[in-house]
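Dear colleague,

Please read them with the structure open beside you.

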Amino acid sequence: MEHVLLVVSGPSGVGKGTIVKTLVKRREDVVESVSCTTRAPREGEKHGREYFFLTKEEFEKRIEENDFLEYDEHFGNFYGTPKSFVKETLKTKSVILEIDVVGGLNAKKEIPQTVLVMIAPPSIEELKRRLIGRGTESKEEIENRLARLEYELSQKDKYDYVIVNDDLETAIRDLESIIDGKQSLK
Ligand code: ADP
Ligand code: 5GP
């Protein structure tokens with residue numbers, strides 16, 4: 001069976017991380033790619049687990065070496081998907097990239113079979129509640145993320161699937177069905 005490259009996008013706080021992390025814990029045939037970033041680690045984040053935390057100079061060097069499948073700048077920091085990891089892993093497992101819409105569309109340009117999945121909130125109020133409730137960003141960072149929300153959601157027509165993350169378990173199952181459906185087609 002061939003494997004699927006899946007991009008999961010959606011506004012900050014919608015539950016992408018929660019959905020993807022739960023799914024990869026349950027499935028040995030699906031892994032999440034670890035991106036590189038120049039932002040500082042949040043409390044509890046570990047180098048190589050949530051992200052590879054690089055300096056700006058290290059990140060720029062990797063851009064020059066054509067090491068990223070795609071990369072982009074958000075909130076003043078760079079984020080990028082390591083190309084070699086994704087291509088190597090796809091030989092044996094499906095890979096999920098949890099990246100923004102610009103990154104997702106760029107990844108699809110590089111690898112056209114990429115499946116784009118947008119996670120949408122049940123309502124904007126609920127999204128704000130989750131983002132504030134998570135308690136990991138400052139007030140200013142929350143404002144920045146909310147300002148980007150409409151843009152992220154406005155791109156959903158360019159995506160292959162939209163999953164509304166109302167009930168968490170249903171959303172996880174919806175994502176699994178997409179992966180299983182694509183795998184069985186190959
Ligand atoms: P993202 O990765 O999209 O920024 P997170 O996965 O960090 O979002 O989720 C943001 C917050 O919302 C977390 O506190 C998480 O526990 C909560 N959350 C995620 N999915 C749901 C859901 N279906 N119902 C209620 N809360 C949720
Ligand atoms: P955070 O700082 O909250 O972890 O992530 C901020 C934003 O960067 C999110 O929208 C996330 O999806 C995006 N992001 C994370 N990794 C990558 C990546 O490798 N490439 C791109 N283009 N965006 C990413």
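An oxygen atom of ligand 2 lies 2.7 Å from an N or O atom in the side chain of R42. I begin with this contact and then widen the view to the rest of the model, which is predicted.

Surroundings of ligand 2

The side chain of R39 also takes part, with an N or O atom 2.7 Å from an oxygen atom of ligand 2. A nitrogen atom of ligand 2, in turn, is 2.7 Å from a polar side-chain atom of E70. On its own, ligand 2 would expose 510 Å², and the protein buries 93% of that area.

In total, 16 residues surround ligand 2. The closest of them are S35, R39, Y51, E70 and Y79. Sorted by class, this shell comprises 7 charged, 5 polar and 4 nonpolar residues. Two strands, β5 (68-74) and β6 (77-82), each contribute at least two residues to the shell. The space that ligand 2 takes is the largest pocket.

Surroundings of ligand 1

Ligand 1 has 14 residues around it, and the closest are G13, G17, T18, R134 and N165.

- The side chain of R134 places an N or O atom 2.7 Å from an oxygen atom of ligand 1.
- A polar backbone atom of K16 is 2.9 Å from an oxygen atom of ligand 1.
- A polar backbone atom of D166 is 2.9 Å from a nitrogen atom of ligand 1.

Taken alone, ligand 1 exposes 570 Å², of which the protein buries 73%.

Which helices each supply at least two residues of the shell around ligand 1? They are α1 (16-26) and α5 (124-134). The largest share comes from α1, which gives 3 residues to this shell. By class, the shell around ligand 1 divides into 6 polar, 5 charged and 3 nonpolar residues. The space taken by ligand 1 is likewise described as the largest pocket.

The chain as a whole

The protein chain contains 7 helices and 9 strands. Its radius of gyration is 16 Å, close to the 16 Å that the globule rule gives for 186 residues, so the chain is as compact as a globular protein of that length. Along the principal axes, the C-alpha atoms of the chain fill a box of roughly 45 × 40 × 30 Å.

You may then turn to ligand 1, with the side chain of R134 and the backbone of K16 and D166.

With kind regards

How values were computed. Residues are numbered from 1 along each chain as its sequence is written. Chains are lettered from A and ligands numbered from 1 in the order in which they are written. This is a predicted model: local features need pLDDT of at least 70, side-chain atom pairs count only at pLDDT 80 or more; totals for chains, interfaces and linings use all residues. Side-chain values use heavy atoms; hydrogens and water are left out. A residue is near a molecule or strand if one of its heavy atoms lies within 4 Å of it. A polar contact is a pair of N or O atoms within 3.5 Å; within protein, one must be able to donate a hydrogen and the other to accept it, and residues adjacent in sequence count only if both atoms are side-chain atoms. Accessible areas come from the Shrake-Rupley method with a 1.4 Å probe; for residues, only the protein chains shown count as cover. On a 1 Å grid over the protein atoms alone, a cavity is a set of points where a 1.4 Å probe fits but cannot get out, and a pocket is an open set with protein on both sides within 12 Å along at least five of seven lines; lining residues have an atom within 4 Å of a point. A molecule sits in a cavity or pocket if more than half of its atoms lie within 2 Å of its grid points. Helices (H or I, at least four residues) and strands (E, at least two) are DSSP runs, numbered from the N terminus. Ala, Val, Leu, Ile, Met, Phe, Trp, Tyr, Cys and Pro count as nonpolar, Asp, Glu, Lys and Arg as charged, and the others, Gly among them, as polar. The radius of gyration is taken over C-alpha atoms; the globule rule is 2.2 Å times the number of residues to the power 0.38.
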